[in-house]
Amino acid sequence: MDEKLQKVLARHGLGSRRQMEAWIRAGRVQINDRPATIGDRVTSRDRLSVDGKPLRVPSWVRPRLRVLRYHKPAGELATRQDPEGRPTVFDRLPRLRGSRWVAVGRLDLNTEGLLLFTNDGDLANALMHPRAELERVYAVRVLGSLSDEQKAALLAGVELEDGPARFLAIEEAGGEGSNRWYHVSLAEGRNREVRRLLAAVHLSVSRLIRIRYGPIDMPRHLKLGYFEELSDAERSILLDAVQWSDPQATAAAEHGPEDRRPSRSRQHRHGLRTELQRGKGGPRSGHA
């Protein structure tokens with residue numbers, strides 16, 4: 001059987017199908033040592049390479065769909081490489097064979113909290129697409145407090161430089177002195193949107209933590225700088241939210257459920273191993 005080239009590349013976690021089409025047009029993809037073109041289909045007999053580097057596993061083998069959640073600390077970049085050598089969110093993740101991790105959305109340098117990763121570029125694109133309308137929930141600490149007028153404006157919508165934006169909900173979450181915590185939610189993931197919305201009503205953000213993405217929460221036991229794989233049940237709920245079908249999960253269901261969620265000791269080993277490789281102490285737990 002043959003498959004569309006961009007579908008095979010996306011399944012390997014290299015990006016969305018649209019991104020793969022752009023790579024093909026740019027001449028970055030080769031089939032059997034010749035430049036690939038849009039519309040090419042591949043079979044098990046074909047040799048694929050990207051930027052001159054062969055894929056590590058045959059393109060027709062579907063890797064097991066995986067989804068991780070990671071507790072991002074402030075100070076890490078949500079990018080694969082940084083020219084200045086600063087730490088990135090990918091530094092602590094386990095290595096994959098034949099594919100790579102794709103971040104579901106981004107968090108800016110100073111934002112903490114929940115960041116999802118998957119090894120399927122098409123799934124990542126579906127989870128980020130505006131039509132999915134997956135709610136993002138943040139815990140935000142501001143200097144001062146929101147007045148009723150400010151809340152009304154933020155819920156009704158304010159004009160930002162890239163168009164109107166609004167919070168879906170605003171809930172008070174405590175605080176002491178001049179600092180107040182709120183839980184706010186959005187249905188999209190524009191750059192620095194929470195900070196820009198609050199700046200529009202003259203409030204400054206001193207701390208920002210994402211605590212939920214769609215149906216997936218940040219658990220209290222997951223410390224800063226640590227990751228864990230979603231359980232089969234959580235992964236199914238996430239896929240259902242974007243009407244995504246995982247053939248392997250369907251096949252596994254026929255033989256009974258299996259929970260692959262790593263234990264806390266396994267989670268600790270993952271984080272500790274990475275820290276030892278980097279020559280640092282264990283991550284500290286964070287406030288969410």
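Author: Exposed means over 50% relative accessible area, and buried means under 20%. The model discussed here is predicted.

Reader: Is Asp33 buried or exposed?
Author: Asp33 sits in the loop between E2 and E3. Its relative accessibility is 66%.

Reader: What is the phi of Asp33?
Author: Asp33 is not a glycine.

Reader: Which residue in E3 is the bridge partner of Gln30?
Author: Strand E2 covers residues 29-31, and two bridges join E2 to E3. The two strands run antiparallel. In E3, the partner of Gln30 is Pro35.

Reader: In what order do the four strands form the open sheet?
Author: The pairing in this sheet is antiparallel. Strand E3 (34-35) and strand E6 (53-54) are the edge strands, and each pairs on one side only. The order is E3-E2-E5-E6.

Reader: Where does the side chain of Thr118 reach at 3.2 Å?
Author: Thr118 belongs to strand E9, residues 112-118. A polar contact needs N or O atoms within 3.5 Å. At 3.2 Å, the Thr118 side chain reaches the backbone nitrogen of Asp120.

Reader: Why does Thr118 count as buried?
Author: Leaving out residues up to four places away in sequence, Thr118 touches Leu65, Arg66, Val67, Arg100, Trp101, Val102, Val104, Leu123 and Ala124. Thr118 counts as buried because its relative accessibility is 1%.

Reader: How far apart in space are His129 and Val104, C-alpha to C-alpha?
Author: Val104 is among the residues that Thr118 touches. His129 lies in the loop between helix H3 (121-128) and strand E10 (136-143). In sequence, His129 and Val104 are 25 residues apart. In space, C-alpha to C-alpha, the separation is 9.9 Å.

Reader: Which accessibility class does His129 fall in?
Author: The class between the two cut-offs runs from 20% to 50%. His129 has 29% relative accessibility. His129 therefore counts as partly exposed.

Reader: What is the relative accessible area of Glu133?
Author: Glu133 is in the loop between H3 and E10. Its phi is positive, near 50°, and Glu133 is a residue other than glycine. Glu133 is exposed, with a relative accessible area of 59%.

Note on methods. Residues are numbered from 1 along each chain as its sequence is written. This is a predicted model: local features need pLDDT of at least 70, side-chain atom pairs count only at pLDDT 80 or more; totals for chains, interfaces and linings use all residues. Side-chain values use heavy atoms; hydrogens and water are left out. Two strands pair if DSSP finds at least two bridges between them. Buried means under 20% relative accessible area, exposed over 50%, partly exposed in between (1.4 Å probe, protein chains only). A polar contact is a pair of N or O atoms within 3.5 Å; within protein, one must be able to donate a hydrogen and the other to accept it, and residues adjacent in sequence count only if both atoms are side-chain atoms. Contact means heavy atoms within 4.5 Å.
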